[in-house]
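Please describe how this protein chain is put together.

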Amino acid sequence: DRVLLCQPGWSAMVQSELTAALNCVLLRALLPPQSPSPLGRFVLMNKMDDLNLHYRFLNWRRRIREIREVRAFRYQERFKHILVDGDTLSYHGNSGEVGCYVASRPLTKDSNYFEVSIVDSGVRGTIAVGLVPQYYSLDHQPGWLPDSVAYHADDGKLYNGRAKGRQFGSKCNSGDRIGCGIEPVSFDVQTAQIFFTKNGKRVGSTIMPMSPDGLFPAVGMHSLGEEVRLHLNAELGREDDSVMMVDSYEDEWGRLHDVRVCGTLLEYLGKGKSIVDVGLAQARHPLSTRSHYFEVEIVDPGEKCYIALGLARKDYPKNRHPGWSRGSVAYHADDGKIFHGSGVGDPFGPRCYKGDIMGCGIMFPRDYILDSEGDSDDSCDTVILSPTARAVRNVRNVMYLHQEGEEEEEEEEEEEDGEEIEPEHEGRKVVVFFTRNGKIIGKKDAVVPSGGFFPTIGMLSCGEKVKVDLHPLSG
């Protein structure tokens, strides 16, 4: 009887038969040998009604308990090699074992979106966020098996029911948020239109059949140290304040290629697979005697820290790292070399890492004439400033190239020779200097191209982020 009652479909039938049989036995036990009087029959029928009501109540109570047990089993979160602590999920296995978490309830029309915040990307950052069927195998990453889909943080690929993904978005690291949702109109049809977000901005979408039991939020992990925070009740609203500030800072940039501006932050969006996948950001205005220095702080070195800071001509190729082509000079963070119009660099300074501040500026001659062809924000073409010393982050304002003694010797030589410098070449030659954490590490002679030298930043590996200050010496 206990076995039969465990089956929801048999419980009511068995209980009904047992109740009927028990009523017959009780009726025979209660009936006297001879026919009772009408009053006795009335009392007996009342007793039978009470018994029927009692057993009917027991039957319903047992049925409700069974339904609750089935629902509790059905809507229960499932996980393997994952440690669950409230809304925090962390990898709890060796690197050869896949960790997978499946939420207890599917997405619905009223709750059609969830997010995962990457607390720690661990050793390899093999974190996947997506949707799976209810009884998805916990030995596989979301997206690897049929009827599942997931956005993988380690390679930025979308896996849609197979172990081979396609390029979808940028890679994700610690601090990033990955979101996944279903368009509300999909719940009225049999096809689900699934979209993914990164840091609140849509990355892309895909279509897959809607599972009969719904699609359940899932998170996969596959390397030591990985930890995320799950937000099942997240809402896809407006972009946060830092993203809304983009417009006010985009005006400072003349060219952006595979680079996204978020306030003062530049983020690499390219593939990072070959040397032509350069992400380039070039300022709108060239350096001048009024603004001769800028800085970059490495917020995230990404995979390889292929970050370059330097100066380039206005029409510099978008798929070339600063310093690789003519009309440019740059200091590269990954190897500490300086590149000056060539793909071969020379040893120059130390390598730069996360948190380091790289700077670049120009030492102008006193008689330097600003090129009127450049898009400068200065109101006049000729600028001569007094030799005033200023310091920001221990960087001395070395705007003037020549010392006073050298200038006097040059003036004497010019008087003796009686030669005049042609105006079109006057002030063309400058010295470009680079800094690291506020200290000058080296200088390089350079000729300013027509139009001026524009602050230029290059990135070439996934996950790279830098914070830029184009006017650190202002104020």
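## Aromatic pairs

Nine aromatic pairs occur in the structure, which is a predicted model. A pair of aromatic rings is described by the distance of the centres and the angle of the planes. Two pairs are set out below.

| Pair | Centre to centre | Angle of planes | Geometry |
|---|---|---|---|
| Phe 168 and Phe 196 | 5.9 Å | 85° | edge-to-face |
| Tyr 331 and Phe 348 | 5.7 Å | 65° | edge-to-face |

Take Phe 168 and Phe 196. Phe 168 sits in the loop between β9 (166-167) and β10 (177-182), while Phe 196 belongs to strand β11, so their pairing ties together parts 28 residues apart in sequence. Phe 168 counts as buried, with a relative accessibility of 15%. Phe 196 is buried as well, at 0%. Ring pairs also bring in Tyr 151, giving a cluster of Tyr 151, Phe 168 and Phe 196.

Now take Tyr 331 and Phe 348. Tyr 331 is in strand β21 (residues 328-332), and Phe 348 is in the loop between β23 (346-347) and β24 (357-363), so this pair ties together parts 17 residues apart in sequence. Tyr 331 is buried, at 0% relative accessible area. Why does Phe 348 count as buried? Its relative accessibility is 19%, and the cut-off for buried is under 20%.

One ring has a charged neighbour. Arg 202 lies over the face of Phe 195, 4.0 Å from the ring centre.

## The seven-stranded sheet

Seven strands make an open sheet in the order β2-β3-β14-β5-β10-β11-β12, and their pairing is antiparallel. At the edges are β2 (82-85) and β12 (201-209), each pairing on one side only. From one strand to the next, the twist averages 20°.

β2 runs antiparallel to strand β3 (residues 88-91), joined by four bridges. Val 84 stands opposite Leu 89 of β3. The two strands form a hairpin with two residues between them. In that turn, Gly 86 has a positive phi of about 70°.

Strand β11 (residues 191-198) and β12 are antiparallel, with eight bridges between them. There, Lys 198 stands opposite Lys 201 of β12.

Strand β5 (residues 113-121) contains Ser 121. Is this serine buried or exposed? Ser 121 is buried, with a relative accessible area of 15%. Leaving out residues up to four places away in sequence, Ser 121 touches Ile 127, Ser 174, Ser 223 and Glu 226.

How many of the five residues of β21 are buried? Five of the five are, so the strand is largely enclosed by the rest of the structure. In a regular strand the side chains alternate between the two faces of the sheet. In β21, Ser 328, Ala 330 and His 332 point one way, and Val 329 and Tyr 331 point the other way.

β21 pairs with β20 in the antiparallel sense through five bridges. In this pairing, Ala 312 has Ser 328 as its bridge partner in β21. β21 also pairs with strand β22 (residues 337-340), again antiparallel, over three bridges. Here Val 329 has His 340 of β22 as its bridge partner. β21 and β22 form a hairpin with four residues between them. Gly 336, in the turn, has a positive phi of about 70°.

In soluble globular proteins, nonpolar side chains tend to be buried together. The largest nonpolar core here has 44 residues. Trp 253, Leu 266, Phe 294, Leu 311, Val 432 and Phe 434 have the most contacts inside it. Strand β20 (residues 307-312) supplies the largest share of this core, four residues.

Phe 453 is in the loop between β28 (439-447) and β29 (454-459). Phe 453 counts as buried, at 3% relative accessibility. Neighbours within four places aside, its contacts include Pro 286, Leu 311, Ala 312, Ser 328, Ile 362 and Val 432. Gly 327 is another residue in contact with Phe 453. These two are 126 residues apart in sequence, yet 8.3 Å apart in space, C-alpha to C-alpha.

Technical notes
Residues are numbered from 1 along each chain as its sequence is written. This is a predicted model: local features need pLDDT of at least 70, side-chain atom pairs count only at pLDDT 80 or more; totals for chains, interfaces and linings use all residues. Side-chain values use heavy atoms; hydrogens and water are left out. Buried means under 20% relative accessible area, exposed over 50%, partly exposed in between (1.4 Å probe, protein chains only). Contact means heavy atoms within 4.5 Å. Two strands pair if DSSP finds at least two bridges between them. Axes are lines fitted to C-alpha atoms, for helices over the stretch in contact, and angles run from 0 to 180 degrees between N-to-C directions. A nonpolar core is a set of buried Ala, Val, Leu, Ile, Met, Phe, Trp, Tyr and Cys residues joined through side-chain atoms within 4.5 Å. Rings of Phe, Tyr and Trp (its six-membered ring) pair if their centres lie within 6.5 Å; planes under 30 degrees apart count as stacked, over 60 as edge-to-face and the rest as tilted. A charge sits over a ring if NZ of Lys or CZ of Arg is within 6 Å of the ring centre and within 35 degrees of the ring normal.
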